[in-house]
Amino acid sequence: MGKAIFEQINGSFALVLVSNCGVISVENLCDLSCKLKEMKVPVVKLSSRQTLVVVGSSEQLQEVEKIAPGYGFKIGNFGTQVRNVKGCSAGEGLCKRQLDTALNLGIELENEYFGIETPHDFKIAVAGCPRGCTDPLCADFGVITKGKDKFDVYIGGRGATIKPIHATKIYNNISRENVKVALKHVLDIYIEEGNKKERIFRTINRIGIEKFVNKDVEENKKQHVDEDFLAFI
Ligand code: SF4
């Protein structure tokens, strides 16, 4: 719907920059930072949605908007669109608690769906274990890794409100590929059936959660070899 540029109380503006579930290369971070310093941008802030918020004058931010893609950033959005995806630190060889990588899945989903028009804002969160550092149960579409290529999917969560709602699980232990199929189906139904400005949890309450479940998506029963266990025996 719109670009995420917001006027602040003191008359300055804040521009939201998005990058791959919050992953920024050291080079891009360094180069953008030098550029902002050169432009005398006073401050940047990390948001709870893993974005980089640049605060400055309207003129400064118009310039930042132009140069940010050159440093690997997209301009944030707000309103009735799919937002940037929140992905936890479950990258290849990273968080010790992860049950499988999830960060790459989050980045794929963001690249595919960021900016798609929806009846209300649509937030996706992906976590590499049930600890859920990215709050997948508060997302419109939440993914929790349960094991090697096994993911649970939840829909209809809502956070950032005095009436939070925990999302409802719609799939157990589905494969990475099927998470993508599941998301496409949920978005197709939501876009088709959701009323204007209706958050998905309300659409679920109105038309039933069954419609959001793709019957072709099946549990991944494949047993994966545990390399550590094999090395141990
Ligand atoms: S959700 Fe789990 S895998 Fe992801 S960062 Fe948190 S503890 Fe690590």
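Domain bounds here come from an automatic or database domain assignment. Select residues 2–78 for domain 1 and residues 86–212 for domain 2. The C-alpha centres of these two domains lie 26 Å apart.

Before going on, some ground rules. This is a predicted model, where local features need pLDDT of at least 70, side-chain atom pairs count only at pLDDT 80 or more, and totals for chains, interfaces and linings use all residues. Residues are numbered from 1 along each chain as its sequence is written, and side-chain values use heavy atoms, with hydrogens and water left out.

**Stop 1: where the domains meet**

Show the interface. Here 12 residues of domain 1 are in contact with 12 residues of domain 2 (contact means heavy atoms within 4.5 Å). About 1000 Å² is buried between the domains, and carbon and sulfur atoms give 58% of that. Buried area is the accessible area (1.4 Å probe) that two parts lose on being put together, summed over both.

Now pick Cys21, Arg49 and Lys74 in domain 1. They lose the most area to domain 2, together 51% of what that side buries.

**Stop 2: a bridge across**

The rule asks for a side-chain nitrogen of Lys or Arg within 4 Å of a carboxyl oxygen of Asp or Glu. It finds one salt bridge across this interface. The structure holds 17 salt bridges.

**Stop 3: a bridge in a helix**

Go to Lys35 and Glu38. Their side chains also form a salt bridge, 3.5 Å from N to O. Why are they about one helical turn apart? Because they sit three residues apart in helix α1, residues 26–38. Helices are DSSP runs (H or I, at least four residues), numbered from the N terminus.

**Stop 4: the ligand**

Select the ligand. Residues around it include Cys88, Cys95, Arg97, Cys129, Arg131 and Cys133, each with a heavy atom within 4 Å.

Note on methods
Helix = DSSP H or I, 4+ residues; strand = E, 2+ residues; numbered from the N terminus.
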